[in-house]
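Hi there,

Here is the structure I promised to pass on. Have a look at it first, and then read my notes below.

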Amino acid sequence: MKTPAATTPPSSADVPLLAFGNAAELAARDLYAVAAGLAAFSDEEKAVLVGFHDHHRAAAQALAGIVGSDAPNVREDAVYNAFRSRLDGSDKGAIFDALRELENTLVATHTSVVGALDAIGAAALVASIITTQARHAAVLALVADRALNEDRKSTRLNSSHSQQSRMPS
């Protein structure tokens, strides 16, 4: 892992990585909106889901603020579509599991991006997003009555918006 240099604004190599993060966060926001609208959840559970929705919206806004006019500010449909079909029905445990997998996938993706960023401020922002999303995953595991380390599925997201050569393996 390289040490990021202090560059403001982010380098031209940072922009596509941060822009993809913005779009992925908006996809997560929209997925939580779907989940919060399901009749399967109690008012208390819906309040948690709305809170997570708001966290993803705030993360997307923060990333857009760093990226500036190059921020897509639209959801990444590949991320949305990968999880949307799993947010149907009345099996709350399965829905919480899908959302936990989403969070773990975002954590893995953002973690790989932190080491590739040149700008310290951008790396610090992405790192702060990671800690929030890891906490989301833990809460989702607990409310689904799962062990915190149970079935940890996480893969890194890729997109045409990101520079594949800059994404650490």
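Below is what turned up, topic by topic.

One thing to keep in mind from the start: this is a predicted model.

**Helix α4**

Let's begin with helix α4, which runs over residues 92-114. How far apart are its end C-alpha atoms? They are 33 Å apart, and at 1.5 Å a residue the 23 residues should span 33 Å, so the two values agree.

**Two aromatic pairs**

Searching the whole structure for aromatic pairs gives two of them. In one, the ring centres of Tyr32 and Phe52 are 5.7 Å apart and the planes are at 85 degrees, so this pair is edge-to-face; the cut-off for that label is an angle over 60 degrees. Where do Tyr32 and Phe52 sit? Tyr32 is in helix α1 (residues 14-36) and Phe52 is in helix α2 (residues 43-67), so the pair ties together parts that are 20 residues apart in sequence. Are they buried or exposed? Tyr32 has a relative accessibility of 0%, so it counts as buried. Phe52, at 7%, counts as buried too.

The other pair is Phe41 with Phe96, and it is tilted: the centres are 5.1 Å apart, with 50 degrees between the planes. This pair links distant parts of the chain, since Phe41 is in the loop between α1 and α2 while Phe96 is in helix α4, 55 residues away. Phe41 counts as buried because its relative accessibility is 4%, and Phe96 counts as buried at 4% as well.

**Helix α5 and the surface**

Next comes helix α5, residues 120-143, where you will find Ala124. Ala124 is partly exposed, because its relative accessible area is 48%. Ala124 and Val114 are 10 residues apart in sequence, and their C-alpha atoms are 7.9 Å apart in space.

Val143 is in helix α5 as well. With a relative accessible area of 47%, Val143 is partly exposed.

**Two backbone angles to look at**

Asn73 has a phi near 55 degrees, which is positive even though the residue is not a glycine. You'll find Asn73 in the loop between α2 and α3 (77-84), and it counts as partly exposed because its relative accessibility is 46%.

Asp145 also has a positive phi, about 60 degrees, and again this is not a glycine. Asp145 is in the segment after α5. Is Asp145 buried or exposed? It is exposed, because its relative accessible area is 70%.

Cheers

Conventions: Residues numbered from 1 in each chain as written. Predicted model: local features only at pLDDT ≥ 70, side-chain atom pairs only at ≥ 80, totals over all residues. Heavy atoms only, no water. Helix = DSSP H or I, 4+ residues; strand = E, 2+ residues; numbered from the N terminus. Expected span 1.5 Å × (residues − 1). Buried < 20%, exposed > 50% of the residue type's maximum accessible area, 1.4 Å probe, protein only. Phe/Tyr/Trp six-rings, centres within 6.5 Å; stacked < 30°, edge-to-face > 60°.
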